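Colleague: I would like a close look at one part of this model, the aromatic ring pairs. Please keep it plain.

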Amino acid sequence: MLEKLFQLQAHGTTVKREVIAGITTFLTMAYIVVVNPSILSATGMDFGAVFVATCIAAVIGTLIMGLWANYPIALAPGMGLNAFFSFTVVGNMGYSWQVALGAVFMSGLIFFLLSIFKVREWIINSIPLSLRFGISAGIGFFLAFIALKNAGIVVDNPATLVTMGDIKTPEALLFFAGFAAICAMAYRRITGAVMIGILAITGIAMALGLVEYEGLVSAPPSLAPTFMELDIAGALNVGMISVIFAFLFVDLFDTSGTLIGAAQRGGLLDKDGKLPRLGRALMSDSVATMSGAALGTSTTTSYVESTAGITAGGRTGLTAVVVAALFLACLLFAPIASVIPAYATAPALLYVAVLMTSGLKLIDWEDVTDAAPAVATALIMPLTFSIADGIAAGFITYATLKALSGRWSDLNPSVAIIAIVFVLKFIFLDA
């Protein structure tokens with residue numbers, strides 16, 4: 001049955017190899033079941049319900065990817081967009097988390113339609129690489145700022161906006177220890193480095209009496225507080241256009257980049273360098289996002305950590321099915337997830353930030369019309385606490401510089417149109 005469903009022999013793999021690959025991928029991304037509820041609960045969402053929604057959204061998305069698209073790619077609520085959801089859309093902009101979930105659902109629906117009508121290739125190919133690298137780096141800086149804030153390393157100051165906090169507290173010291181441990185384990189290629197780091201710091205905090213042990217296994221918490229609580233009508237407010245666009249835009253490029261990168265690593269591209277069944281893979285992602293919003297979590301997307309399982313030999317959807325089964329098992333471990341403190345998850349955020357900012361090295365720094373928009377994008381995101389504003393700044397800067405420099409051949413119509421839309425938004429909606 002497995003051979004017929006996943007074509008294991010045709011992909012040069014075995015059941016044992018796929019199971020090992022699935023376990024490897026799961027261990028590298030399991031931290032999300034702890035980090036995502038921690039971030040989203042800042043909006044007032046029920047921690048337990050978000051924990052369950054995170055696990056089930058990962059199960060749904062990963063199963064669809066494995067059974068329908070037959071790719072060893074795992075999905076779960078994405079880092080960066082969950083922070084944007086909590087701290088920008090709900091925190092700074094003042095929308096309810098129900099409206100924010102509605103925006104996530106709408107972005108998933110638009111993503112689904114783009115996949116059906118095959119508009120996605122035109123969009124992906126029309127966005128300059130410098131802006132893509134700038135957006136990824138900006139999300140990384142955004143996560144880094146949140147990590148340092150959660151650990152008390154960066155605090156507010158009325159004179160300078162931000163300043164150094166008390167780095168001699170046990171919480172701050174545990175944060176530094178966690179970050180160093182995760183980076184060292186990652187360098188040594190220890191599978192599950194991020195999750196090991198989170199659990200180790202939590203264990204030390206328990207030993208020091210900073211947090212209380214509340215058990216290991218229990219029945220899953222109720223999903224009722226978030227299930228089908230999304231407000232789609234509220235998300236259709238004109239002021240939410242940029243928010244929906246930000247959710248869509250980041251998910252589109254994050255998913256596309258992950259799929260292509262993972263496929264290259266596993267030799268899954270065809271002779272023309274294209275990914276077979278790309279439409280199915282992208283639709284799996286969009287369906288997962290819509291399902292996740294209905295359950296009560298932010299955008300669900302393909303995880304680059306899937307390359308860990310592919311490196312371990314995963315080549316088919318059976319790898320993804322194994323990952324989905326393990327996420328389902330996570331539902332029983334809610335007690336331990338609920339006591340993990342923010343300073344234990346903050347090192348994971350900072351480590352992910354390091355990975356996301358690495359794309360800056362690929363920018364052409366000799367061409368200021370490419371470098372300046374990327375830098376503007378990357379800096380505006382953390383300093384305004386808004387991924388949407390960072391994206392807007394990047395497009396506007398790119399279009400303006402290319403036009404003023406006479407580089408019209410670099411300025412395609414889609415970028416110009418998006419830049420004009422963002423300018424109009426700032427003039428009429430943010431006045």
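Colleague: Are Phe-249 and Phe-395 buried or exposed?

Modeller: Both Phe-249 and Phe-395 are buried, where buried means under 20% relative accessible area, exposed means over 50%, and partly exposed is in between, with a 1.4 Å probe and protein chains only. Before the rest, some ground rules. The model is predicted, with local features needing pLDDT of at least 70 and side-chain atom pairs counting only at pLDDT 80 or more, while totals for chains, interfaces and linings use all residues. Residues are numbered from 1 along each chain as its sequence is written, and side-chain values use heavy atoms, with hydrogens and water left out.

A pair of aromatic rings is described by the distance of the centres and the angle of the planes. Rings of Phe, Tyr and Trp (its six-membered ring) pair if their centres lie within 6.5 Å; planes under 30 degrees apart are stacked, over 60 edge-to-face, and the rest tilted. That rule gives 10 aromatic pairs. One of them joins Phe-245 and Phe-422, edge-to-face, with 5.5 Å from centre to centre and 80° between the planes. Phe-245 belongs to helix 12 (residues 241-266) and Phe-422 to helix 20 (residues 413-428), so this pair ties together parts 177 residues apart in sequence. Helices here are DSSP runs (H or I, at least four residues; strands are E, at least two), numbered from the N terminus. Phe-245 is partly exposed at 24% relative accessibility, whereas Phe-422 is buried at 5%.

Your pair comes next: the ring centres of Phe-249 and Phe-395 are 5.5 Å apart and the planes stand at 75°, so this pair is edge-to-face. Phe-249 is in helix 12 and Phe-395 in helix 19 (residues 387-404), and the pair links distant parts of the chain, 146 residues apart.

Elsewhere, ring pairs join Phe-87, Phe-142, Phe-145 and Phe-385 into a cluster. A ring can also have a charge over its face: Arg-277 lies over that of Tyr-71, 4.4 Å from the ring centre. The rule for this is NZ of Lys or CZ of Arg within 6 Å of the ring centre and within 35 degrees of the ring normal.

Leaving aside neighbours within four places in sequence, Met-206 is in contact (heavy atoms within 4.5 Å) with Val-211, Tyr-213, Ile-336 and Val-339. Met-206 is partly exposed, at 22% relative accessible area.
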